[in-house]
2 protein chains.
Amino acid sequence: MDIQEYMQTLGRQARAASRQLASASTAAKNAALCAMAASIRDRREELLAANARDVEEARAAGLEPAMIDRLTLNAKGIEAMAQGLEQVAALPDPVGEITDVKRRPSGIQVGKMRVPLGVIGIIYEARPNVTADAAALCLKSGNAAILRGGKEALHCNQAIAACVRAGLAAAGLPESAVQVVETTDRAAVGQLITMPEFVDVIVPRGGKGLIERISREARVPVIKHLDGNCHVYVETEADPAKVVPIVENAKTQRYGTCNTAESLLVDRAVAARFLPEIARMLATKEVEMRGCNESLAILREAAIPGARLVAATEQDWSEEYLAPIIAIKVVSGIDEAIAHINTYSSGHTEAIITENYTRAMRFLREVDSASVMVNASTRFADGFEYGLGAEIGISTDKIHARGPVGLEGLTSQKWIVFGNGETRR
Amino acid sequence: MDIQEYMQTLGRQARAASRQLASASTAAKNAALCAMAASIRDRREELLAANARDVEEARAAGLEPAMIDRLTLNAKGIEAMAQGLEQVAALPDPVGEITDVKRRPSGIQVGKMRVPLGVIGIIYEARPNVTADAAALCLKSGNAAILRGGKEALHCNQAIAACVRAGLAAAGLPESAVQVVETTDRAAVGQLITMPEFVDVIVPRGGKGLIERISREARVPVIKHLDGNCHVYVETEADPAKVVPIVENAKTQRYGTCNTAESLLVDRAVAARFLPEIARMLATKEVEMRGCNESLAILREAAIPGARLVAATEQDWSEEYLAPIIAIKVVSGIDEAIAHINTYSSGHTEAIITENYTRAMRFLREVDSASVMVNASTRFADGFEYGLGAEIGISTDKIHARGPVGLEGLTSQKWIVFGNGETRR
C-alpha cells in the first residue's frame, strides 16, 4: 500500500464528509451517537475478542504493564464508552450559534456564527476508549475526524470504528465522517500532519517526545500541551484551613495527571508557619521534597519524621515529575511568585491560596497560564470539572484554545452579515 | 552584526516587556497612544525628511511607481497616522474582560478572562503607516510587538519608532514594548518566525509569495490570508433592485482590494434576466467578463456594446484578479453555488443576493468562508465596517481568528477559577 496515496484518500473523503457534517442537523448527529452506543453494546463480544488479540500481541512484544493496562478493555470499559457517546449526544450543539449581531452605521447587521473547524486529525496512544470519545466530540462539533491510535490497539480500534460507521449509517450521515487509520506504518502520521488541503487541525496526545516531533513537523495547526508543571503558591494571607487540603489534593490525589501540582511556592512571611505542616502531610504520603536552601533549613529545623528532603537544582523548577516528588521554593512575595511561575511554568495550571482580594486578582490577571485559580486545587483543570461535558485534550498554546478543549474548542466563529442591499461608500 | 543574536535580543526584550504590558492599566496604554500621536505631530518635519530619503533611494533603486506611491508619506498622511493612534486609544480595552463565570457542582466558579497573546511579530510591506497602526493595535491589546517593515521604508520606520518609544516612555511603559527591526537583512525574518520562545504569533502582510514562504517556514502560529477570491451569487429570488448595485459595488468600487468580488455566480433560472443587465454595467466600466459557455451564450445573444467577453478556463474559478476582470458562471441552484464556492473560494468573503429566507440561511451556514453575507457587498468585509475600530489584517485561517482581525483577535481567553478551598474528589 502506498501510504501517501492511502492517507490522501482518507483526507479527501474526510473533506467531503466535513461539508455534509457542517450542515447536519443536531438530531441526526445525536441519533448517530446513540446508534454508535447501541452498536458498541451489541458488539461487545467482538470488541472484547479484538482487544484480547491486541493485548496478547502486546504481551508477546514485551509491552510495559502500565501500557498493557491502558490497552485492556473489559465489559465495564465498553459500557463506559457507550455511556460516553450518549453523554456527548446530551450536550448542547455548539454549531450554528449566532452571537454579537450589531447594526452598523452602513445599515448592515454584523455578527458571528459558530462553525466546525472542518477535518480534525487525532493522534493518540494505545487507548481504545479514546477512539470512541474523539469520534463523538468531533462528530457533535460538526467535524470530520481521522483517528490514528497507537498501533498496539489496532484490532480493537478497527472494531470500534465499525460500530462508529454503523451509527453514522443508521443516522444517514456519511461513514467517512470518522475514519480510523488502518495501517500501523509510522509514515501515516507524517502524511496526516502535512496535508493542509485535507486536515484543518491536529490534536496529538501522548508522550512529550511524540508531541514535540509532531509540532515541529506539522504543516497544519496543532492543539496540544507538552507539560504540566503546575504551581501552588501559599501567599502571606493564606487561610490556614485551606493550605494543607489544597496542597494535598493538588499534589497527592493522583501523581500521574497533567494537572497535578509539581511545584510549591511559599511566601517567606508564612514559610515557617506553613512549611512544616505541609511537610508532615507530604511525609505521611512519602512524597520527596526538593527544596531551596531556605525551605530546607526550615524543614530540617522542624525535624519531621519520615520527611525525604533533597536540595533542589535549577532543573527542578521546570520539572514535571508525574511522581511523588515536589519542588519547594520560598519566595519574597507575589512579585517573585508570579515571575517564577511565568519563567518556569509550562503554562498549564497555577493556584494561589490567599484571603487577600487585591493579590488574588493580581495573580488571576498576571499569571500567564491556561488555567489560573484562587483557593482551589489545580486538579480541577479538566473538561468535566469545568462543565465542558468532555474534553479532547488540554491546550497550553496561546492562540485559539487554552486549557481544556471541549466541543467549543473544536469550532471557530465566522462573520455573518445580514444586509438589505447595502453597498459600501 | 550577528542577526540571530540581534533578533534574539529583540525577542528577549519583547518577552520581558510583554509581562509588564499584560498588567498595564488601560489609562497608561491610552496615555502612551496619545503621547505617540503628539510626538508624531511634533516630529512631522523629521518624519517627512526620513521618508524623502527612503523615496529617493527607492527611486534610485528603480522601485515600481505603485510601490513608491505606498511608500510616500505627506503631511496629510502623518496627521492620519496620529489620528489613527488616538482612535485606537478611544477603543475599549479588551484585556481583563471576564465572561461566562458559572458555578460548578464542586463549588468552584469557572469563567474566562481575556488576555494578550504575548509577543506579536508583524512582517509587512514598505508602508510607513502600518508601523504606527500595528504598534497601536498591539499595545492596546496588551501585546509587545516586533515590527519588520519593508526595507525601502527603513528610515521612516525608524523615525516613527522613535515617536512610539517617546510615547511609551511618557506613559511609563517599557520602550521595548514596540521594537522596529533595524536591519534590512532578510535573515531577520527567518529568525523572527522561528523563535517560539520569544514570539507567540506572526502576522504577515504583503504579497502571496512572501506569506506562503513565511507560513511554510514559521515555527510559531501565523495569522494570515493569502487570496481574496470573493463570490457574489445571484439566486433565483434575488431582488432585481439589489442585483446590479451589489455586483457593481463588490466588483468595481476598488479593483485592488482583497474583499473585491472576483467571481459571479448566477442561477440558471434567472441568468437570462440578470446577466445582460449586469454585463451592461460591467461593459460601461470596461470590466472583462470571463464566462462559462452558458453565460457567454446569453451575453452574446444580448449583444451588449463594448462588452469584453472571454471564455473562462478552469483556472479562472480560482483566480484573484485584482483587476477589472470577473469570472462568471451559471449554476443550477444553491447546491451547485455552495459547492462551487467551497471548492474554488479562498475562504475570504462570499455574498448571496436573495429574498428567500431558507436559502439565505443555508448560504450563511454552509458556505465555509471567513465572512458570509446576505444582500450586501463583499466590500464590507473590513475591520472598520464591522465595528472593530481597526484591523491588523484579515485571516482566512480556520483556527483562532477568521476574517478581519482587530484588538480581540490579538487576545485569547484563559480559564479562571474562583474557589473557596475546594479540592477534587
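Me: How do β7 and β8 of chain B pair, parallel or antiparallel, and over how many bridges?
Reply: In this predicted model, strand β7 (residues 230-234) of chain B runs alongside strand β8 (residues 261-267) of chain B in the parallel sense, and the two are joined over five bridges.

Me: Which residue is the bridge partner of B:H231?
Reply: That partner is B:S263, which belongs to β8(B).

Me: And what does helix α11 of chain B touch on the sheet?
Reply: Helix α11 (residues 268-284) of chain B packs on the sheet by touching β7, β8, β9 (288-291) and β11 (325-331) of chain B, and its direction makes about 145 degrees with that of β8(B).

Me: What order do the strands of the open sheet take?
Reply: The sheet has 10 strands with mixed pairing, in the order β1(A)-β2(A)-β16(A)-β13(B)-β12(B)-β7(B)-β8(B)-β11(B)-β9(B)-β10(B).

Me: Which are the edge strands?
Reply: They are β1 (98-103) of chain A and β10 (308-311) of chain B, each of which pairs on one side only. From one strand to the next, the twist averages 25 degrees.

Me: Switching to helices: at what angle do α2 and α5 of chain A cross?
Reply: The axes of α2 (residues 26-42) of chain A and α5 (residues 75-90) of chain A cross at roughly 170 degrees and come within 8 Å, so α2(A) and α5(A) are roughly antiparallel to each other.

Me: What classes of residue make that contact?
Reply: The contact of α2(A) with α5(A) has 10 nonpolar, two polar and three charged residues; among them are A:L33 and A:I40 of α2(A), together with A:I78 and A:L85 of α5(A).

How values were computed: Residues numbered from 1 in each chain as written. Chains lettered and ligands numbered in written order. Predicted model: local features only at pLDDT ≥ 70, side-chain atom pairs only at ≥ 80, totals over all residues. Heavy atoms only, no water. Pairing = 2+ DSSP bridges. Helix = DSSP H or I, 4+ residues; strand = E, 2+ residues; numbered from the N terminus. Axes fitted to C-alpha atoms, helices over the stretch in contact; angles between N-to-C directions. Contact = heavy atoms within 4.5 Å. Parallel < 35°, antiparallel > 145°, perpendicular 65-115°, else oblique. Nonpolar A, V, L, I, M, F, W, Y, C, P; charged D, E, K, R; others polar.
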